[in-house]
Amino acid sequence: MRAAIAQAEKVKGNTYPNPPVGAVILDADGRIAGVGSTQPVGGAHAEIVALRRAAGLAAGGTAVVTLEPCNHHGRTPPCVDALLAAGVSAVVYAVADPNPEAAGGAASLLEAGLEVTGGVLADEVAGGPLREWLHRLRTGRPHVTWKFGASIDGRSAAADGSSKWITSPTARADVHRRRAAAEAIIVGTGTVFADDPTLTARPTDGTEVGRQPLRVVVGQRDIAADSRVLNDDAPTMMIRTHDPAEVLRALGDRTDIILEGGPTLAGAFLRAGLVDRILGYIAPMLLGGPITVLDSVGVRGIGDALRWRFDQVDRIGPDLLVSLVPE
Ligand code: AOF
Ligand code: ZN
């Protein structure tokens, strides 16, 4: 299943509105015979790619998939039929398909006499490659990750406004990898004025960028025509509102959104309850001073604090990467 998860991670961002799914086919002796991941929408599902690679070796073998195999004729025929045709004798999956149209694959496979096991590493998959897609299906709105880089005392810039190189190149490379998997990156006009960011995905670890995420600039003010965010490296959308719900509506059926600041816009999204995950890149540096990652979120007393839970803490080069989810 970990190999299947790795396959899913590889295509994250390139499959929506379909989920990024990974599959591994084991031959009758339990050796890996083929791996695959979901192709861009309208293309083959993960199981189909893995079955093609495994060819004759799938017979009597096991299919390991991060999502319950689909049971329906959607844009592509049912994976259940392909698994039966290939003669696999067992199917292991992580997460049951919550899409009512596609669900029921496990029951059909059982009925056909296969050994079926669900729930394997389900939490890892539901919190990992499928997190954003499951969120979209459950809530009908995109999954929003608020990402910031800061000194250990929560400052995003020094008192004079200079903010380059707070976090290390390793941390910045991680940001670019995540941008490459996202569908849109949101900033406020204030960030464009202050930092003139390019907001493209430029990973240095060899991750291929199939398509650049949409750059979204939110706010009433006009930005300079020569702002980097308006260059030809990626598409850009300007949205003249401060209402987070309206911003998300303008993003249509997108699934995976990164909010990159600044402090006012992040505050508005948090107050609206429209942040689903926080990613903080924390540098071992003290800046003090007035420029913080976040403006008011309406907390007057400690009893009103917005409470979150750390779901992952990693060291990344000299910095920390902390991931939080709502408590
Ligand atoms: C799988 N394996 O790799 C994926 C699945 O329109 P279609 O035919 O592409 O079907 C889309 C639905 O199929 C999608 O909403 C989800 O329920 C399931 N996705 N299923 O067996 C895959 N990506
Ligand atoms: Zn399928």
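The following legends describe close-up views of a predicted model.

In this predicted model, local features require pLDDT of at least 70 and side-chain atom pairs count only at pLDDT 80 or more, while totals for chains, interfaces and linings use all residues. Residues are numbered from 1 along each chain as its sequence is written, chains are lettered from A and ligands numbered from 1 in the order in which they are written, and side-chain values use heavy atoms, with hydrogens and water left out.

View 1. An unreviewed UniProt entry places the feature "domain: CMP/dCMP-type deaminase" at residues 1–117; UniProt positions follow the numbering used here, feature names are shortened, and annotations may be inferred rather than shown by experiment. This span is 29% helix and 22% strand, and its end C-alpha atoms lie 12 Å apart. Helices (H or I, at least four residues) and strands (E, at least two) are DSSP runs, numbered from the N terminus. The unreviewed UniProt entry lists Glu-47 for "active site", and this residue is placed in helix α2 (residues 46–54). Glu-47 is buried, as its relative accessible area is 4%; buried means under 20%, exposed over 50% and partly exposed in between (1.4 Å probe, protein chains only).

**View 2. Val-65 in strand β3.** Strand β3 (residues 62–67) contains Val-65. With a relative accessible area of 0%, Val-65 is buried. From C-alpha to C-alpha, Val-65 and Ser-37 are 9.4 Å apart in space, although 28 residues separate them in sequence.

**View 3. The salt bridge between Glu-124 and Arg-2.** The structure holds eleven salt bridges, each defined as a side-chain nitrogen of Lys or Arg within 4 Å of a carboxyl oxygen of Asp or Glu. In one of them, the side chains of Glu-124 and Arg-2 meet at 2.8 Å, N to O. The pair links distant parts of the chain, with Glu-124 in helix α5 (residues 122–127) and Arg-2 in helix α1 (residues 2–11), 122 residues apart. Glu-124 is partly exposed at 35% relative accessible area, whereas Arg-2 is exposed at 55%.

**View 4. The salt bridge between Lys-147 and Glu-260.** The side chains of Lys-147 and Glu-260 meet in a salt bridge of 3.6 Å, N to O. Lys-147 lies in strand β6 (residues 143–151) and Glu-260 in the loop between β10 (256–259) and α10 (263–271), so this pair ties together parts that are 113 residues apart in sequence. Lys-147 counts as buried at 17% relative accessibility, and Glu-260 counts as buried at 14%.

**View 5. The aromatic pair of Trp-146 and Phe-148.** The structure holds one aromatic pair. Trp-146 and Phe-148 form this tilted pair, at 4.7 Å centre to centre and with 40° between the planes. Rings of Phe, Tyr and Trp (its six-membered ring) pair if their centres lie within 6.5 Å; planes under 30 degrees apart count as stacked, over 60 as edge-to-face and the rest as tilted. Trp-146 is buried at 5% relative accessible area, and Phe-148 counts as buried at 16%.

View 6. The structure holds zero disulfides, a disulfide being a pair of cysteine sulfur atoms within 2.5 Å. Cys-70 is buried, with 5% relative accessible area, and Cys-79 is buried, with 0%.
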